[in-house]
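Please read this briefing alongside the sequence and the model.

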Amino acid sequence: MADLYPMHLQHDHSDKVGMKTQQFPLGLFDCNETKNQEVIQLLKFLTEKYVPLDGNEVIDEVFIGGDRLTDERVQGAQRAMENAETSKGKLQGFISKIEDWHHMINFLEAICKSTFKQESLAERGTMYYFKILLNAKNVKGKVKNSFRAHKLLYYVVFDALCCSLFMQEMNVEDEDQLLPSDFQEKTDEDKISWLNEICCRIVKKYV
């Protein structure tokens, strides 16, 4: 059934998100991120080189990415220049963001902090119980040091729980009994409607 749903859901901005992202290698700079003045000087240099300007005013903003520390330092530098007279002087040509990789690590760290505890290994249904059950020996230490192993454990457990809930909702014990007898005769639209209806019931019941 995986091929029933489109790989991409069309929307008003589909043409924009499909465009190739333009990226610039910034190179290496002798900048100490713990010193606000050095970050300000770096942003001033990058503004002149990469930010679209009309005189001393910013025409369009550009993204600047990094880890949590970089994001914090860039925003701190912008706050320090809030009293400048122009948008260029205020360093408003940059939108600071944490890169996706760091976002995923931060998110998974937060999830593990609240759901992955060794003292719960004897409690059925906890993540640490599943770690032992699945013999996931590579899930150990800090998330940032074994991100893939932690991520795969949660993916496996989540997929299994979804399948279990689906089977409960259909009141079957064998996965071969999940689909109705006339499923193959249905159109793709009818198959999707059937599947969406069951998924909605599950979400409303358990979420």
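This is a predicted model: local features need pLDDT of at least 70, side-chain atom pairs count only at pLDDT 80 or more; totals for chains, interfaces and linings use all residues.

Residues are numbered from 1 along each chain as its sequence is written, and side-chain values use heavy atoms, with hydrogens and water left out. Two packed helices are described by the angle between their axes and the distance between the axes.

**Helices α6 and α7**
- The axes of helix α6 (residues 147–170) and helix α7 (residues 188–206) come within 10 Å and cross at roughly 100 degrees, which makes α6 roughly perpendicular to α7 (65 to 115 degrees; under 35 is roughly parallel, over 145 roughly antiparallel and the rest oblique).
- Axes here are lines fitted to C-alpha atoms, for helices over the stretch in contact, with angles from 0 to 180 degrees between N-to-C directions; helices (H or I, at least four residues) and strands (E, at least two) are DSSP runs numbered from the N terminus.
- Leu165, Phe166, Gln168, Glu169 and Met170 in α6 are in contact (heavy atoms within 4.5 Å) with α7 residues including Trp194, Leu195, Ile198 and Arg201.
- The residues of this contact of α6 with α7 comprise nine nonpolar, one polar and three charged, where Ala, Val, Leu, Ile, Met, Phe, Trp, Tyr, Cys and Pro count as nonpolar, Asp, Glu, Lys and Arg as charged, and the others, Gly among them, as polar.

**Glu169 in α6**
- Glu169 lies in helix α6, and its side chain makes a polar contact with the side chain of Arg201 at 2.8 Å (a pair of N or O atoms within 3.5 Å; within protein, one must be able to donate a hydrogen and the other to accept it, and residues adjacent in sequence count only if both atoms are side-chain atoms).
- Leaving aside neighbours within four places in sequence, Glu169 is in contact with Ile198, Arg201, Ile202 and Lys205.

**Helices α2 and α3**
- The axes of helix α2 (residues 36–50) and helix α3 (residues 68–80) come within 9 Å and cross at roughly 85 degrees, so that α2 is roughly perpendicular to α3.
- Asn36, Val39, Ile40 and Leu43 in α2 meet Arg73, Val74, Gly76, Ala77 and Ala80 in α3.

**Helices α4 and α6**
- Helix α4 (residues 100–115) packs against α6 at an angle of about 60 degrees, with the axes 11 Å apart, and the two are therefore oblique to each other.

**Pro52**
- Pro52 is found in the loop between α2 and β1 (53–54).
- Pro52 and Lys88 are 36 residues apart in sequence and 9.9 Å apart in space, C-alpha to C-alpha.
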